[in-house]
Amino acid sequence: MIERKNKILVQLLASFCCLLLLSNCANSKKESNQKKVKAASYPSDVIPFMDEWKLLCGDGTRSEELTNFEHKDFFYVANDGATDWVVYKTPNSGITSKTSSNTRTELGQKKLWKTETGGKLTGTLKVMHVSTSGDARVAASYSVVVGQIHGMEGHENEPLKIFYKKFPGHTKGSVFWNYEINTEGSNSKRWDYSSAVWGNDISVVGTSPNSYPKEPSDGIKIGEEFSYEVNVYQGIMYLTFTSKGHKTVKFKKSLIKSDFSKKSDIPEQIHSLYAAIGRDGVEQENAYANQLQIFKQGAYNQTNGKDPEKNIVWSTGAETYDGDIAKQYANGCYAEVWFRNGTLGEGSLPNDQ
């Protein structure tokens with residue numbers, strides 16, 4: 001009898017343990033599912049490096065505290081059904097910095113660094129929209145800058161601007177990067193040299209305000225993901241661009257020794273593109289050596305409402321609806337860029353060097 005009772009107790013205890021285990025598993029699965037479906041509330045939930053940046057939005061809003069911060073219609077989180085993204089959105093006309101004619105919703109690095117010290121910035125993004133108004137003859141039309149190195153001394157020029165540009169009616173756009181010379185003497189003679197990554201460089205333009213060049217066969221579509229790495233190490237800038245289905249492209253450029261210090265060094269691209277506005281300067285021999293820099297990332301809209309007849313390279317003549325942001329958004333006069341990942345850190349010697 002005692003043996004039978006012990007057997008029953010063992011069976012009851014085993015059953016209880018099984019039920020307890022099943023309950024714990026169910027709760028764990030429930031908690032796991034809750035974690036999976038929980039949406040990010042703020043950009044800092046998606047990319048946690050936001051404490052290292054300050055922000056300027058397309059309506060002039062500034063913030064230096066970006067943890068648990070958002071600004072509806074400019075800087076917020078969106079989900080494409082699978083992934084959370086940080087959205088940077090800005091109109092063709094709004095309020096921008098004192099040194100620019102172009103609006104932006106863009107991060108600016110808080111920490112300054114010397115060119116020789118360097119640093120590293122990465123980003124994984126997709127451009128969701130560029131302005132559909134502009135002048136096709138103007139190089140900057142229909143484009144947005146998604147990453148920068150910005151000088152903080154001297155002329156405060158930009159050793160790097162990474163662009164995406166797509167003409168109206170095209171399926172594919174171009175990714176390219178510009179190097180702006182650190183001009184010797186007057187900065188009124190400055191210019192940018194543009195290098196194509198996928199598609200064309202900035203100099204490929206239309207022959208009339210509404211005629212467009214041929215669509216690039218190897219371009220990037222609106223909404224197609226790509227990544228970049230900007231690695232500045234001991235004064236040398238190493239760029240790497242990757243995208244699924246496209247060839248990985250790399251560049252190397254000294255930021256401390258100029259390639260453009262003599263008139264004979266000026267590329268033909270510059271003579272052709274900038275002839276109408278008389279920009280034919282040369283660069284300081286040591287380029288950006290010993291100068292302070294910062295990284296920038298986001299959406300720096302290059303399509304503005306300024307008169308093309310006054311600057312056929314940078315004044316795009318786009319529609320701005322007298323600065324009415326809601327009307328610009330409603331009529332396609334804006335830029336919108338989504339990032340799902342980004343890092344900020346120290347520069348390093350690339351493995352393939």
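Q: Which residue lies over the face of Y300?
A: Keep in mind that this is a predicted model. Look at the ring of Y300: a residue sits 3.8 Å from the ring centre. A charge counts as sitting over a ring only if it is within 6 Å of the ring centre. The residue over the face of Y300 is R104.

Q: Over which ring does the charged end of K89 sit?
A: Here the charge belongs to a lysine, and its distance from the ring centre is 4.1 Å. The ring under the charged end of K89 is that of Y329.

Q: How many aromatic pairs does the count come to?
A: Rings of Phe, Tyr and Trp pair if their centres lie within 6.5 Å. By this rule, the count of aromatic pairs comes to 20.

Q: Is the pair of F75 and Y88 stacked, edge-to-face or tilted?
A: A pair of aromatic rings is described by the distance of the centres and the angle of the planes. For F75 and Y88 the centres are 5.5 Å apart and the planes stand at 55 degrees. Planes under 30 degrees apart would count as stacked and over 60 as edge-to-face, so the pair is tilted.

Q: How many residues apart in sequence are the parts that F75 and Y88 tie together?
A: F75 belongs to strand β3, residues 75-79, while Y88 belongs to strand β4, residues 84-91. So this pair ties together parts whose separation in sequence is 13 residues.

Q: Is F75 buried or exposed?
A: Buried means under 20% relative accessible area. F75 has 0% relative accessibility, so F75 counts as buried.

Q: How far apart in the chain are Y142 and Y212?
A: Their ring centres are 6.1 Å apart with planes at 85 degrees, so the pair is edge-to-face. Y142 is in the loop between β7 and β8, and Y212 is in the loop between β11 and β12.

Q: Which strand supplies the largest share of the lining of the largest pocket?
A: The largest pocket holds about 1100 Å³ of space. Its lining has 44 residues, and R104 is among the closest to the centre. β1, β2, β5 and β16 each supply at least two lining residues. The largest share, five residues, comes from β5.

Technical notes
Residues are numbered from 1 along each chain as its sequence is written. This is a predicted model: local features need pLDDT of at least 70, side-chain atom pairs count only at pLDDT 80 or more; totals for chains, interfaces and linings use all residues. Side-chain values use heavy atoms; hydrogens and water are left out. Rings of Phe, Tyr and Trp (its six-membered ring) pair if their centres lie within 6.5 Å; planes under 30 degrees apart count as stacked, over 60 as edge-to-face and the rest as tilted. Helices (H or I, at least four residues) and strands (E, at least two) are DSSP runs, numbered from the N terminus. Buried means under 20% relative accessible area, exposed over 50%, partly exposed in between (1.4 Å probe, protein chains only). A charge sits over a ring if NZ of Lys or CZ of Arg is within 6 Å of the ring centre and within 35 degrees of the ring normal. On a 1 Å grid over the protein atoms alone, a cavity is a set of points where a 1.4 Å probe fits but cannot get out, and a pocket is an open set with protein on both sides within 12 Å along at least five of seven lines; lining residues have an atom within 4 Å of a point. Grid points are joined across faces, edges and corners, and a volume is the space filled by probe spheres set on the points.
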